[in-house]
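Thanks for coming, everyone. Let me put the structure up and then walk you through it.

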Amino acid sequence: MRRNNFEKDFEEFVVVKESPIHGKGIFADAEIPAGELVMVIRGEVITGTECERREEEDNNVYIFWNGRYYIDTVNTEKIKYINHDCNPNCEVQDRDRETLNLVSKRTIFQGEEITMDYGYDEIYEDCQCLTCNGNN
Ligand SMILES: [Zn+2]
């Protein structure tokens with residue numbers, strides 16, 4: 001299995017604040033260079049059926065998919081607040097069966113909101129991200 005071996009992550013520099021995109025977001029509290037492990041995405045590993053149930057019955061929108069398992073991050077402090085951007089500064093990479101890596105695609109400056117591409121079709125239909133709104 002392919003595996004990234006980042007020596008450290010930047011999670012201690014990731015803070016939750018009110019976001020101009022939507023609700024709360026996560027922000028860099030220090031400059032994060034490109035190609036670094038921002039943080040490890042961990043959560044409760046669930047089946048696809050349970051994922052569907054939680055999305056429909058609990059309106060749970062915090063479930064990541066690693067291509068094989070579903071990772072519910074609803075009980076996490078930071079990663080569940082990551083907002084979508086069509087031109088994000090981070091991407092999600094495989095790690096192992098229960099976790100994912102959030103990796104910086106470019107330099108993220110102190111105070112900048114950390115974003116990823118949610119990657120599901122509905123998000124692009126009426127996207128309110130900073131890139132689509134032209135505010136950035
Ligand atoms: Zn957008």
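**From a loop to the core**

Let's start with N59, which sits in the loop between α1 (48–57) and β5. Helices here are DSSP runs of H or I with at least four residues, strands are runs of E with at least two, and both are numbered from the N terminus. Phi of N59 is near 50°, a positive value in a residue other than glycine. Most residues other than glycine have a negative phi. N59 counts as exposed, because it has 7 C-beta neighbours inside 10 Å. The cut-offs: buried needs 20 or more other C-beta atoms within 10 Å, exposed is 12 or fewer, and partly exposed is in between, with C-beta atoms placed from the backbone.

A word on the source. This is a predicted model, where local features need pLDDT of at least 70, side-chain atom pairs count only at pLDDT 80 or more, and totals for chains, interfaces and linings use all residues. Residues are numbered from 1 along each chain as its sequence is written.

Now the whole chain. The protein chain has 2 helices and 10 strands. Along the sequence, the pattern reads β-β-β-β-α-β-β-β-β-β-β-α. The C-alpha trace spans about 40 × 40 × 25 Å along its principal axes. Of the 136 residues, 29% are buried.

Next, the core. Which residues touch the most other members of the largest nonpolar core? They are V14, V38, M39, I41, L102 and I114, in a core of 25 residues. A nonpolar core means buried Ala, Val, Leu, Ile, Met, Phe, Trp, Tyr and Cys residues joined through C-beta atoms within 7 Å. The elements giving two or more residues to this core include β2 (24–28), β8 (90–96) and β10 (113–116). β3 gives the most, with 4 residues.

Take I41. Leaving out residues up to four places away in sequence, I41 touches F64, I71, T73, I79, V92, T99, L100 and L102. Contact means C-beta atoms, placed from the backbone, within 7 Å.

On to β9. This strand is mostly covered, with 5 of its 6 residues buried. β9 pairs with β3 in the antiparallel sense over 5 bridges. There, M39 has L102 as its bridge partner. β8 and β9 are antiparallel too, over 6 bridges. E91 has V103 as its bridge partner in β9. A hairpin of 2 residues joins β8 to β9. Pairing here requires at least two DSSP bridges between the strands.

There is also an open sheet. Its 4 strands run in the order β1-β2-β10-β7, with mixed pairing. β1 (14–18) and β7 (83–84) stand at the edges with a single partner strand each, so one side of each is left without a neighbour in the sheet. β7 and β10 run parallel, joined by 2 bridges. N83 has T115 in β10 as its bridge partner.

Last stop, N133. This residue lies in helix α2 (residues 130–133). Is N133 buried or exposed? It is exposed, with 11 other C-beta atoms within 10 Å. N133 and D29 are 104 residues apart in sequence and 24 Å apart in space, C-alpha to C-alpha.

Technical notes. Two residues are in contact if their C-beta atoms, placed from the backbone, lie within 7 Å.
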